[in-house]
Amino acid sequence: MLPNRSRLSVLVFLLPPLLLYGIAVLFPIMQSLFLSFFSWNGISDMEFVGLANYVRMLTADDIFWRSFFNALGYLAICLVLQLGGALLVASLLTSMRRGRELIKTLYLLPAVISTVAIAFLFVRIYSIEPVGLLNQLLHWIGLGALERPWLSDINTVLAAVSAPEGWRFTGLYMLIIYAALLSVPKELEEAARLDGASRWQLFTKIRFPHIMPVWITTTIMATTYGLRGFDIPYLMTNGGPGQSSELLTTYMYKTAFTSTDFGYASTIAVFIVVECLVAVGLILFMLKRKADA
Amino acid sequence: MTAPAAPMTRPTTALPDSRPPVRRRRQPDLYSTLSRVLIALIVIVQVYPLAWLFITSLRTEHDFATGDPFALPTSLTWENYARAFETGNLGMNILNSFIVTMGANFLIVLLGMMAAYALQVLGFRFSKFVRGLFLIGIIVPVQIALVPLFIDYSTINLLDTYPSMIIPLAGFALPMSIYLFSSFFEYIPRETYEAASLDGAGPYRIFGLITLPLSVNTVVTVVLVNSIFIWNDFIFANTFVLSEGLKTIPLGLQNYIGAMGKTDWTATFAAVCVTITPLLLVFLVLNKAMIQGLESGATKG
């Protein structure tokens, strides 16, 4: 604490940021919570409905549950691509002697590009008429039977809209994990190698435990980002065909701005927040139990 | 004391130099060959789609509609770019994105620094509580703010303005910025502040003359990292902006889809190439600083 500070000076520095944060983040959260107990289309009078929105969401809305499970699938695919891919590439990169910087830059490239551009790009990659990159590739390696319009096939559409999001941010997570792997003490690895540890043992017994704190942060980041995923599915399929690629976020958006059902949309938004908090709590809880065991 | 230590350290320092060649001779190292092939493959997957995007923007329409997508174009044309500029308002979109990015960055840096200064340097009784409050903004998804802000904006006539995009973009980015500045301020030695205090400098002068000038590197980091996300923001712009004149790049690009009944893909790809160029150039020039920023942002936050 500065000796010469006054209570006023603390307020001068603290109030402006708190004001912006309050207007943009805290107040809207309270407002959503408030709205979730009302039925309102934005024009007529607001009508207090108590828990009716929540009851409707949890017991009577099939689309809600469909979107919920789709969102979990979307999250799973993103996590595998982002964290799995990141860990793999980061580990491989530490064993390389040259070209690390170049590969880091190239790998991060997709993260700089807007989701709209990525959505356009992948619409063409998945397309069948004219034949896109994916179908052409399958044709060449003799898997022509798998060729299909990936975005209009209800069995593949969810995976097809999840993959670009995974693809986009693998580089970001790779950077973080790579930086953590570099901080593993060289003496420790050297000693283990002298004791005859295999590469796999080296990884599971020394490297991975060492980067655990960073791994937790990265997992939490990837999970909360995965649960709020919106742009790419919204732009590529808008939840379709039917509801096969509808996520909670796209469903909430359409409820709010297409059906103008602000009350019910807020209920879904509150659910998304709760879902994020529960996910973060679960990750911390599971990792803590693992560490204790 | 020092004499016996010297010969003892020498063999250990010499060890790393002598080991690798021995190991290389013993086995033709299948592992490193495999890992190199794997890395090359993954890099191709990451980069090829972007290269393809650029190549396609130079194809003739006929070539695009009929040819093999992997083949090199039979002839190169800049016509797609001419059509891209005719169809849309690319210049205006880029200008709008620039204004929004600058505005939000200004708020994020200034307010982030102020909050971190109050929390880390000045200190006060409820600082733990305030920190916790800011943590909420990192976990909570941005979608929660869409409906409330839309309603609030329409009551105070702020819909369809630059601030309607800048406020939530800055608000949701503020926590990360505060954490980055806080962790930097920790490194400024307390004695610096105490000395300045003894010379009679108050909290405002210390902020302006010591903290601010020392933080230039962190400012660059914060601006670079946030610019990526703000420049590419789709959800706030799509929700709050309606008029053509305010559309940022992501919204401008959307105009290309089905503008003439059927989508002109080669022109669309040309437009995409034009709009990703500014950020891509900044990224390629400053990628060291950007990479460093992304790394520190995550490991500290």
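This briefing walks through a predicted model of a complex, from confidence to contacts. Residues are numbered from 1 along each chain as its sequence is written, while chains are lettered from A and ligands numbered from 1 in the order in which they are written. Because this is a predicted model, local features need pLDDT of at least 70 and side-chain atom pairs count only at pLDDT 80 or more, whereas totals for chains, interfaces and linings use all residues.

**Confidence**

- For the complex, the predictor gives an ipTM of 0.87 and a pTM of 0.85.
- Chain B has a mean pLDDT of 81 (pLDDT is the predictor's confidence in each residue, from 0 to 100), and 86% of its residues reach 70 or more.
- Over residues 1–26 of chain B, the pLDDT is below 50.
- Where pLDDT is low, the predicted coordinates should not be read in detail.

**Chain A as a whole**

- Chain A has 13 helices and two strands (DSSP runs numbered from the N terminus, with helices being H or I of at least four residues and strands E of at least two).
- Its C-alpha atoms fill a box of roughly 75 × 75 × 40 Å along the principal axes.
- Of the 293 residues in chain A, 44% are buried (a residue is buried if 20 or more other C-beta atoms lie within 10 Å of its own, exposed if 12 or fewer, and partly exposed in between, with C-beta atoms placed from the backbone).
- F257(A) sits in helix 12 (residues 248–257) of chain A, and it counts as partly exposed because it has 17 C-beta neighbours inside 10 Å.
- F257(A) and N41(A) are 216 residues apart in sequence, yet their C-alpha atoms are 9.9 Å apart in space.

**Where the two chains meet**

- In this model, 76 residues of chain A are in contact with 78 residues of chain B (two residues are in contact if their C-beta atoms, placed from the backbone, lie within 7 Å).
- Helix 1 (residues 7–35) of chain A gives the most to the side that touches chain B, with 16 residues.
- That side of chain A divides into 54 nonpolar, 16 polar and six charged residues (Ala, Val, Leu, Ile, Met, Phe, Trp, Tyr, Cys and Pro count as nonpolar, Asp, Glu, Lys and Arg as charged, and the others, Gly among them, as polar).

**Domains of chain B**

- Chain B is assigned domain 1 (17–83) and domain 2 (88–255) (the bounds come from an automatic or database domain assignment).
- The C-alpha centres of domain 1 of chain B and domain 2 of chain B lie 37 Å apart.
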